[in-house]
Protein chains: 4
Amino acid sequence: MKALVYHGVTDIRFETVPDPTPTDAGGAVVRIERTAICGSDLHIYHGQMNPEPGYSVGHECIGEVVETGSRVGRFKVGDRVLVSGVVGCGECVPCHAGTVTSCERGFPTVFGTNQGLDGGQAEALAVPRADHALHAIPDGVSADQAVLLTDILPTGYLGARDAHIRPGQDVAIVGMGPVGLMALMSAKLFGPARIFALDSVPERLAVAETLGAIPCDVSGDVQTQVLEATGGFGPHAVIECVGADASIQTSLALVRRGGFVSVVGVSTNMAFPFPMALALIKGITFHIGVCSVPEFWPTLVPLIAEGKLCPETVFTHRMGLSEGADAYALFDSRRDGVLKVLLDPSR
Amino acid sequence: MKALVYHGVTDIRFETVPDPTPTDAGGAVVRIERTAICGSDLHIYHGQMNPEPGYSVGHECIGEVVETGSRVGRFKVGDRVLVSGVVGCGECVPCHAGTVTSCERGFPTVFGTNQGLDGGQAEALAVPRADHALHAIPDGVSADQAVLLTDILPTGYLGARDAHIRPGQDVAIVGMGPVGLMALMSAKLFGPARIFALDSVPERLAVAETLGAIPCDVSGDVQTQVLEATGGFGPHAVIECVGADASIQTSLALVRRGGFVSVVGVSTNMAFPFPMALALIKGITFHIGVCSVPEFWPTLVPLIAEGKLCPETVFTHRMGLSEGADAYALFDSRRDGVLKVLLDPSR
Amino acid sequence: MKALVYHGVTDIRFETVPDPTPTDAGGAVVRIERTAICGSDLHIYHGQMNPEPGYSVGHECIGEVVETGSRVGRFKVGDRVLVSGVVGCGECVPCHAGTVTSCERGFPTVFGTNQGLDGGQAEALAVPRADHALHAIPDGVSADQAVLLTDILPTGYLGARDAHIRPGQDVAIVGMGPVGLMALMSAKLFGPARIFALDSVPERLAVAETLGAIPCDVSGDVQTQVLEATGGFGPHAVIECVGADASIQTSLALVRRGGFVSVVGVSTNMAFPFPMALALIKGITFHIGVCSVPEFWPTLVPLIAEGKLCPETVFTHRMGLSEGADAYALFDSRRDGVLKVLLDPSR
Amino acid sequence: MKALVYHGVTDIRFETVPDPTPTDAGGAVVRIERTAICGSDLHIYHGQMNPEPGYSVGHECIGEVVETGSRVGRFKVGDRVLVSGVVGCGECVPCHAGTVTSCERGFPTVFGTNQGLDGGQAEALAVPRADHALHAIPDGVSADQAVLLTDILPTGYLGARDAHIRPGQDVAIVGMGPVGLMALMSAKLFGPARIFALDSVPERLAVAETLGAIPCDVSGDVQTQVLEATGGFGPHAVIECVGADASIQTSLALVRRGGFVSVVGVSTNMAFPFPMALALIKGITFHIGVCSVPEFWPTLVPLIAEGKLCPETVFTHRMGLSEGADAYALFDSRRDGVLKVLLDPSR
């Protein structure tokens with residue numbers, strides 16, 4: 001079959017790889033119907049993670065079950081399924097509760113990151129622990145919507161949930177990339193009075209405004225803008241969706257006394273200069289973490305099915321899997337108004 | 001001055017009463033700008049509460065401070081204010097936290113119920129503990145919106161909050177009268193997937209549908225309808241806004257295993273036949289209570305000011321205070337599509 | 001093998017029944033090491049449930065795995081295990097989270113209640129869905145302690161948890177039978193200032209006092225006693241462990257405004273006369289439910305292993321399984337200071 | 001009157017200062033009965049805060065009201081009172097709820113830190129906003145216990161509360177100084193299975209062990225010790241009570257995936273090297289803040305009155321106020337087994 005394979009910095013190739021087979025009796029093989037490129041894939045693309053090349057990439061995909069191991073109980077060939085981008089052991093207490101990122105048995109692992117699992121930007125994918133890593137795609141959820149349920153919508157929702165937004169409060173979201181937009185859609189579920197959307201890209205701010213947020217251009221004095229709009233107090237909650245030092249600092253500077261900062265941006269800094277003395281005086285709660293994707297399916301699937309969440313608007317470009325190299329280059333360029341690229345193996 | 005006075009069953013009169021003065025050094029007098037008739041006023045109207053006649057009625061009003069006692073610190077003459085329908089001592093821990101219905105010192109008391117406080121369906125009202133019972137009306141909140149902040153919007157919000165709705169869940173609301181509609185608007189703040197709105201009046205169901213709910217006519221087999229729509233499980237949360245035995249029973253019958261029933265309807269039954277054995281098997285949480293109005297102002301005022309809540313659509317009729325007797329008769333009749341009647345002393 | 005079989009009102013017999021085999025590929029057979037008689041078994045004993053006789057009884061037991069179906073993954077022959085008294089499907093979201101009483105697939109079922117599962121007061125027991133219904137007995141937990149983890153300690157803990165006790169608050173527990181004592185031990189984990197223990201049996205009140213509670217004899221005017229001790233307010237939380245109408249009424253009468261009533265007593269009343277008007281004025285939260293036993297093992301097992309909970313003190317009598325008829329009669333009599341009877345098949 | 005005055009690095013003098021008078025109509029004067037030296041006073045002692053000398057110090061004190069302004073409503077001359085170490089405006093929503101550290105009007109301020117309020121290590125103290133900053137000392141609370149309610153017991157309790165400990169979990173507490181011991185006593189209120197107490201001073205570890213904790217000497221490889229004892233996972237919650245970079249790092253290193261780190265140690269670092277990438281993988285919640293003392297009185301006062309908390313054991317030395325210079329030197333030396341020094345103006 002064909003898959004996108006990482007061969008070095010900015011070198012993604014569409015090439016033939018061995019056909020997948022179930023990893024063990026609990027595994028399944030899924031024929032991929034849709035896949036997408038994640039912002040964290042760009043870390044790979046730029047050689048910042050797992051530099052040894054030669055592995056297939058991608059962890060956002062959906063498709064149809066085409067083979068199952070003998071111990072798979074919940075799925076059968078022909079089922080259309082979501083594939084969780086992150087996989088736990090499926091047996092420990094955290095995994096049972098859906099919080100696979102707290103897996104107690106050596107997991108979790110992310111597909112397509114050279115940690116033992118192949119990538120989902122491929123024609124098919126072997127999924128271990130299928131009973132826990134898959135979820136049936138219900139009526140009312142389109143393929144485009146479904147692929148967003150495998151990582152970035154749950155990630156954005158995690159950011160909003162752990163910001164502990166209560167009705168009537170003010171929220172700031174730092175970064176209006178794809179995850180930031182998912183966080184924005186998710187934050188609205190918690191009834192805030194206002195959402196301040198921070199970014200420097202005009203197109204992204206425009207999308208945020210369309211979604212009901214107040215656009216705040218970080219090219220200007222965004223801190224003064226937000227503080228003035230909030231009577232000098234700052235927002236009750238800040239969701240950080242970039243992971244860069246500067247945007248985490250902005251989040252800590254903006255948040256109100258007694259407030260929450262929730263980071264879902266990917267930081268690789270092991271010595272971020274945290275303003276502890278300021279945080280002490282403010283009295284803040286800070287959360288950072290990777291998303292346990294399956295934990296949020298019972299919440300998010302009905303919201304999409306009922307039309308309460310329309311995440312698919314984030315897709316600005318739709319390309320074939322064979323165009324993967326161009327798709328990475330486009331997404332990395334931030335040009336042409338690109339927000340999120342959908343890859344369709346059937347094109 | 002003039003006020004509406006209860007003189008017996010269905011006998012409300014617009015008549016002259018003594019001008020109010022501050023009850024003590026902490027009290028204030030408010031000239032009434034808008035007032036409204038509450039569903040619970042109909043209990044008085046029908047002689048079901050405090051049958052001894054001769055007292056002024058009404059507990060939903062806003063206006064302008066025209067006199068203050070010497071110890072009032074937060075308000076001055078000329079301030080436009082909300083008046084909480086329910087008043088606590090203002091000094092104990094629950095009152096400080098805003099939960100005046102748990103007042104530890106003999107309060108709370110409701111205006112216009114012959115419990116020691118005059119009624120707000122009047123040209124002016126003496127408000128004790130003004131620093132705690134009043135709240136400035138901010139820019140962006142209209143007079144019509146403001147009067148709903150003095151009782152029924154906070155009450156509907158209490159119903160929704162204590163139903164512990166989480167994003168993606170299903171909710172049923174029993175009763176689409178004014179409080180039910182406030183509960184519906186409030187429930188949407190918690191991100192549910194679906195809201196089932198139960199009533200028998202077509203106009204009310206139509207309003208609920210306009211607000212995004214699924215109308216369910218209780219004249220039909222509403223229990224089957226809701227259970228079928230929820231896979232046989234029932235909604236995760238039910239908000240009861242009537243107070244009648246039948247509608248509380250419906251709520252208990254509908255709710256899903258492990259779910260919440262939140263009652264803000266006014267029940268006067270001291271021996272409601274609670275299906276305890278069923279509740280045991282289901283494992284449910286049941287909340288019932290009167291609203292601590294000021295507790296919810298920090299939440300609700302910004303939502304109205306930002307246009308996220310538009311409760312004023314509930315007013316179907318606008319009359320002069322002098323037309324109070326007709327207004328009560330109209331509201332009691334449920335005719336002419338009446339939902340909520342606003343009284344304007346200046347008309 | 002031998003088991004205790006219900007043959008009619010107060011007629012329990014120790015007799016030969018067929019040897020158990022795994023119910024299906026996911027089932028296991030456990031050789032019983034210890035079992036106990038539950039207060040709810042007395043409902044069977046008195047013919048109040050499932051009157052058709054001839055079924056084996058008991059749902060509190062531990063033992064050793066002696067046979068497993070082909071799909072059992074977490075246990076092997078020789079493992080010593082807890083058996084949950086209540087069993088869910090093990091596959092749905094609530095079951096995965098441990099809340100088996102909200103099972104979405106027709107379960108839960110309780111062992112030994114003629115609902116399709118045999119009883120655990122036997123030499124061996126067939127356990128379906130073994131991966132979910134069993135739990136390894138860790139070092140530091142004795143056999144006597146372990147058997148209490150299969151129902152009544154988790155049940156008492158549920159009562160305490162859903163009473164939402166916060167440090168410094170006052171708690172009342174109604175009924176100092178075995179479940180009430182478990183609730184008392186559990187309530188102490190939440191840091192209350194005082195626990196009022198209500199019962200009429202002097203020996204039970206004495207045990208409660210030993211455990212740090214304030215004994216309150218319901219033969220006297222217990223309501224006045226508790227209200228006076230709490231400044232007229234009543235306790236913040238009440239845990240009801242009897243299930244009788246009178247004791248639920250006492251709970252509702254005692255609880256403070258804004259407080260919680262948590263019922264784990266078994267009520268069979270479908271028309272309990274609930275004082276709804278009083279509850280409305282007080283503003284209370286009421287919870288009733290059956291315990292999802294496995295949900296609480298991660299919490300309770302470490303507390304026993306570390307010596308923070310010593311539930312085994314509840315056992316006042318230890319008898320052989322063959323003495324089952326006498327054991328039921330003794331437990332039912334409430335004589336000889338009996339609190340809880342342990343049955344040992346090896347005696 | 002006499003007071004302890006800061007005159008420069010390690011230069012504390014007992015000297016005559018002007019007698020205090022009420023700051024305004026809402027203020028009161030309290031004759032000091034007991035006061036204590038706080039770990040944060042040592043920052044002043046070493047010239048690390050507000051270096052301009054000449055101000056009186058101390059923020060932990062209790063005493064008797066000897067004068068009140070005309071608007072003080074809750075207290076009268078002769079009342080024995082707690083004095084909150086931190087004071088808010090008393091009027092805004094956070095202050096009303098007790099969370100004075102989120103005061104919206106320019107407060108809070110701490111006594112004896114040269115921010116406008118005199119110090120409580122004196123014969124008398126002027127207290128602004130007396131109705132909010134004071135609390136009556138109830139029966140059952142001794143003077144020694146009371147002085148700990150004015151800062152360090154609430155601070156330790158804050159640390160424990162915001163660590164979100166649930167029954168059965170494991171907790172580590174970093175630093176067994178006076179605040180650490182208060183955190184230890186407080187953590188026990190939440191029902192943990194085990195508490196690991198970290199320090200390097202043998203006497204402090206011995207006290208911790210007496211209180212039921214597992215002593216862990218940070219002179220050794222404490223991280224390995226705690227991880228091995230917790231199956232490699234680490235504790236669910238860590239309470240940091242030192243404020244030094246090293247101990248915050250230890251806290252972040254120890255905590256389990258999905259766990260909580262709660263810091264009540266005083267950090268003055270504006271660029272603490274936070275291991276963000278590690279925290280991301282673990283998925284942790286981090287809280288740091290100063291204690292809103294009055295928020296915790298309703299919780300802690302009953303626990304002391306009922307004998308459930310005995311914080312007074314932390315006092316190892318009792319001296320006269322006139323011996324203040326020696327008391328500071330002793331406390332700073334950490335010699336003679338000193339944990340906490342009580343100052344009695346009447347000696």
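I started at Asp11(C), which is partly exposed at a relative accessible area of 22% (buried is under 20%, exposed over 50%, partly exposed in between; 1.4 Å probe, protein chains only). Its partner in a salt bridge is Arg13(C), at 2.8 Å from N to O (a side-chain nitrogen of Lys or Arg within 4 Å of a carboxyl oxygen of Asp or Glu). Arg13(C) is partly exposed too, at 39%.

Note on the source: this is a predicted model, with local features needing pLDDT of at least 70 and side-chain atom pairs pLDDT 80 or more, while totals for chains, interfaces and linings use all residues. Residues are numbered from 1 along each chain, chains are lettered from A, and side-chain values use heavy atoms, without hydrogens or water.

Next I looked up Asp344(C), which forms a salt bridge with Arg34(C), closest N and O atoms 3.7 Å apart. Asp344(C) sits in strand β19 and Arg34(C) in strand β3, so the pair ties together parts 310 residues apart in sequence (strands are DSSP E runs of at least two residues). Both residues are buried.

Then I went across chains. Arg256(B) forms a salt bridge with Glu104(C), at 3.9 Å between the closest N and O atoms. Each lies in a loop, Arg256(B) between α9 and β15 of chain B and Glu104(C) between α2 and β8 of chain C, so the pair joins two chains (helices are DSSP H or I runs of at least four residues). Arg256(B) counts as buried at 14%, whereas Glu104(C) is partly exposed at 31%.

Last, I checked chain B against chain D and got 0 salt bridges. Over all chains, the structure holds 52.
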